[in-house]
Structures are given as C-alpha cells and as structure tokens.
Amino acid sequence: MKENKRVAFIGVPMDLGGGRRGVDMGPNAVRIAGVKLAVERLGHEFDDWGNIEVHAPERRQPVDPQARFLDEIAEACARLAGDVEQCLSDGQFPLVVGGDHSIAIGTVAGIASHYHQKQEKVGLIWFDAHGDVNTPETTQSGNIHGMPLAALLGHGPGALTRISRRFPAVDVENAVLIGVRSLDPGEKAFIREMGLRCFTMKEVDQFGIHRVMKEALEIAGRGTAGFHLSFDLDGTDPEVAPGVGTPVPGGISYREAHTVLELAAETGRLVGLEMTEINPILDERNRTARVTVEFIESGLGRRTL
Ligand SMILES: [Mn+2]
C-alpha cells in the first residue's frame, strides 16, 4: 500500500554553522538535480516553499567564539521552525534541505511543537559521521553545526534549546545516532552521561545496517507519534557523497544508505525528512546533490518491486 504525500520542500541556505563556505548552495543544487520531478514520479505532490532567509557570513561578525553566529542561526532556525509547523498543520510533509546541520535545530523544533500541541512527542534518527552533541563549553571550533543534537536534547544556549514549545524538543530515550566515526572528547562524555544510543561504524560493520536500523526504529518509535530523520550527507562514505563540508573516510555505503531510508519509509511513521551539508563547491559535477535526490526518493517510498 502506498501513501501519497503532499511534500513541502523547504530550502535552508544556511552557511553560518560550519567553517567552510558553500553549503548555502545546497538547496538549489538539489533543485537542479531534479528533486521535483523525482518526488512527483512517486505519486506525491511537490510544493516548493522556496528558501528560508539566512544572513550571509560576509556581512556579519561572530560575537561569541564558542558559538559563532549564534543570534543569526537562532533567528533563521526560529523562522524555519515556524514554516515546518505551518506545513504540518496544513497536512504537508516537510522535506527540508540545507545548508549546514545547524538547521535541524529549527526543523525538529517545528515538528516537536506541532506534536506537543496534541500532547504527543516525536523520535529522532540522526544519520551522521559526527556526534553533533557539542555545546559552547565543549566545542573545539565554535561551529554550531557541531551542536544541534545536543540543543534538541536540551543542552546548550537557550536561544537554541528553547525554539520548540516542548523542552527538550526530543527525549534522549527516543533519539539515536547512526554512522558515527568521529567524536570530540566532550561528545564522548555527553553520549555516555546522557545514555544516548550511538551506532558507530563499528556496530554497523558488526551487526549490519538492517539490524542497526531495526533497533533505531524501535528507539525512535517507542511512545512517539512518529519520528524525524535528519540525514547529514557526511554520514555516507566520501566516495558516495564527496561534496560535503567535513568528509570522514570509512562511512556508510551507497546501498546501506538506501536501506536506512527505505526502512524508515516502510514504517509509515516518518514525520519529516531532512538532508544537510550538501556543498556544491567541494562537489564533482553536482554528484552529491544527485545522490541526495536518490536518497530522498527512497525516504519517500520508492521501491524496486
Ligand atoms: Mn551533522
């Protein structure tokens, strides 16, 4: 049985959360790679909401070296949260494309607010090479794209943790990391102390992606209205997606990544999908945006048979 969605494409040209320029072109690269046609071919409606307004780093100065561009990122994320909430109350499915991974603070805040109003909560699957659980206290770079998961679990500056009407936006027992192979010392401590389930590449190799996803879906699904999948393209191997800001070798394969998205889609409980860190400047002829469109298709229910 196939469920037809009204997909709302929200572009977030966010380039303030990372250290290297270029990810602000991600949303348009994905449009150019044919996302509209691909989504429509699956029988869904495609509604392009355009891009969220984000300040360009050239015209701003970071105030706090431990949380660079905090005010600007918080402002854009609040705007994004509002749009995501609006699209959910209109009965649409948010497909958010970035932009650096700090945008997830806005996306998940919007989803959490929407369900909180109905006295429900949501789960979160975080696909990433990194942990993204730094705070201004533990960060080595001051880049906020290394902090969004911590913020959504209630840790970090109030400007980021309080965008959602629910605090924390997501409970740690409903959050899970997949694909991790690079953690800062502070992040290792955070994951241990919080009891956050983290499937590193070692576990993906050991158990296989199918079993990892089965457990991840259980965690994200337990007692929730559904779950959001926040997909950082750097979670896949750089051979699959070379155009990302912070590539780390030894990642999830092309086929494994499709399995993650296919299994998420099969549950019928995916409430939002987000693709981040697509960097056309570092890419090879828009290859990373094209593979992003393929992953989106799997996440929206594409099947071989
Ligand atoms: Mn990330």
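**View A. The pairing of strands E5 and E6 in the predicted model.** Ile178 has Phe199 as its bridge partner in E6. Strands E5 and E6 pair in the parallel sense, with four bridges between them. To pass from E5 to E6, the chain goes through helix H7 (residues 185-194), and this β-α-β crossover is right-handed.

**View B. Strand E5 beside strand E4.** Strand E4 (residues 123-127) and strand E5 (residues 175-180) run parallel and are joined by four bridges. Phe127 has Ile178 of E5 as its bridge partner. Strand E5 is mostly covered, with six of its six residues buried.

**View C. The open sheet of eight strands.** The strands follow the order E2-E1-E3-E8-E7-E4-E5-E6, and their pairing is parallel. Strand E2 (45-51) and strand E6 (197-200) each have a single partner strand and stand at the edges, so one side of each lacks a neighbour in the sheet. On average, neighbouring strands are turned by 15° against each other, direction ignored.

**View D. Helix H3 on the sheet.** Helix H3 (residues 70-89) packs on the sheet, where it touches strand E1 (6-12), E2 and strand E3 (93-98). The direction of H3 makes about 175° with that of E1.

How values were computed. Residues numbered from 1 in each chain as written. Predicted model: local features only at pLDDT ≥ 70, side-chain atom pairs only at ≥ 80, totals over all residues. Pairing = 2+ DSSP bridges. Helix = DSSP H or I, 4+ residues; strand = E, 2+ residues; numbered from the N terminus. Axes fitted to C-alpha atoms, helices over the stretch in contact; angles between N-to-C directions. Contact = placed C-beta atoms within 7 Å. Buried ≥ 20, exposed ≤ 12 C-beta atoms within 10 Å, placed from the backbone. Right-handed = clockwise from strand over helix to strand, strands pointing away.
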